[in-house]
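Here is a short briefing to read beside the model. Keep the sequence and the 3D view open while you go through the points.

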Amino acid sequence: MNILLIGPPGSGKGTQGARVAGALGLEHIAVGDLLRAEVAARTPLGELLKRHLDRGELAPDELVMQLVAPRALAAATKNGYVLDGFPRSAAQADEARKLAEPARARPQLVVYLDAPEKVLVDRLLARARAEGRSDDTKEVIRHRLEVFAVATAPLLAYYRDQGLARVVDATGSPDEVTEAILALATAEAS
Ligand code: ADP
């Protein structure tokens, strides 16, 4: 099964992606982690990406596609993938669809993790204190939420039109959210 996890910063995509992939034997592809690994490796590509990440802007589509597409297509030939943090824009979704359709790698389920802004900001500020991620400052958090609202949130309607989207309340405990997602995956698979 192939699953997309879409949600604003702080909605728990990374945590849930790892749990759901583990429970279902799927490959977890965490796009933010892939990008941060490039930055940490200090490659020329990483230097370029760092500028976007530190400002809370989306990384360029071409670079994101280069990192994500081969992994997702390969995983789809096995048990499937849980993609967290992709797509983040209509352009990425269209591009992904073009690649996935002929490869039979399309998602069967799109989970939209929903939480009010106050909850998201509180979680991100708590993470900032704990982990010190370079984009978890107050201003950059605010900007990431704006980028999400403008570029990514419209994907809910995009995938609803395809009959794939399900909204999950992301304000529950991590266990509650995992259970809700697994219930949707089980329903989809049967
Ligand atoms: P969050 O959702 O909290 O912002 P992520 O780790 O998913 O955390 O993403 C961190 C950053 O990585 C984003 O702000 C963005 O700069 C970049 N990024 C992640 N996914 C994508 C994507 N699909 N397209 C472009 N940039 C991305």
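Proline 60 sits in the loop between H3 and helix H4 (61–76). The model is predicted. At 28% relative accessibility, proline 60 is partly exposed, because that class runs between the 20% and 50% limits.

**Ligand contacts**

- Lysine 13 places a polar side-chain atom 2.6 Å from a ligand oxygen atom.
- Glutamine 92 also uses its side chain: one of its polar atoms lies 2.8 Å from a nitrogen atom of the ligand.
- Alanine 59 uses its backbone instead. A polar backbone atom of alanine 59 is 2.9 Å from a nitrogen atom of the ligand.
- How much of the ligand's own accessible area does the protein cover? The protein covers 97% of the 540 Å² that the ligand has on its own.

**Ligand site**

- The ligand takes up the space of the largest pocket.

**Loop with a cis peptide bond**

- Phenylalanine 86 and proline 87 are joined by a cis peptide bond. Its omega is about -5 degrees.
- Proline 87 belongs to the loop between strand S3 (81–84) and helix H5 (90–103).

**Arginines with positive phi**

- Arginine 42 has a positive phi of about 55 degrees, although it is not a glycine. It lies in the loop between H2 and helix H3 (44–55).
- Is arginine 42 buried or exposed? Its relative accessible area is 66%.
- Arginine 104 counts as exposed because its relative accessibility is 74%, and exposed means over 50%.

**Asparagine 2**

- Asparagine 2 is found in the segment before strand S1 (3–6).
- Its relative accessible area is 4%. Asparagine 2 is therefore buried, as the limit for that class is under 20%.
- What lies 3.2 Å from a polar atom of the asparagine 2 side chain? The backbone nitrogen of tyrosine 81 does.

**Helix H5**

- Alanine 91 lies in helix H5.
- With a relative accessible area of 45%, alanine 91 is partly exposed. The value falls between the 20% and 50% limits, so neither buried nor exposed applies.
- Alanine 91 and alanine 151 are 60 residues apart along the chain. Their C-alpha atoms are separated by 9.3 Å.

Terms used
Residues numbered from 1 in each chain as written. Predicted model: local features only at pLDDT ≥ 70, side-chain atom pairs only at ≥ 80, totals over all residues. Heavy atoms only, no water. Polar contact = N/O pair within 3.5 Å; in protein donor to acceptor, adjacent residues only side chain to side chain. Areas by Shrake-Rupley, 256 points an atom, 1.4 Å probe, with all protein chains shown as cover. 1 Å grid on protein atoms, 1.4 Å probe; cavity = no way out; pocket = protein on both sides within 12 Å on 5 of 7 lines; lining within 4 Å. Sits in = over half its atoms within 2 Å of the grid points. Helix = DSSP H or I, 4+ residues; strand = E, 2+ residues; numbered from the N terminus. Buried < 20%, exposed > 50% of the residue type's maximum accessible area, 1.4 Å probe, protein only.
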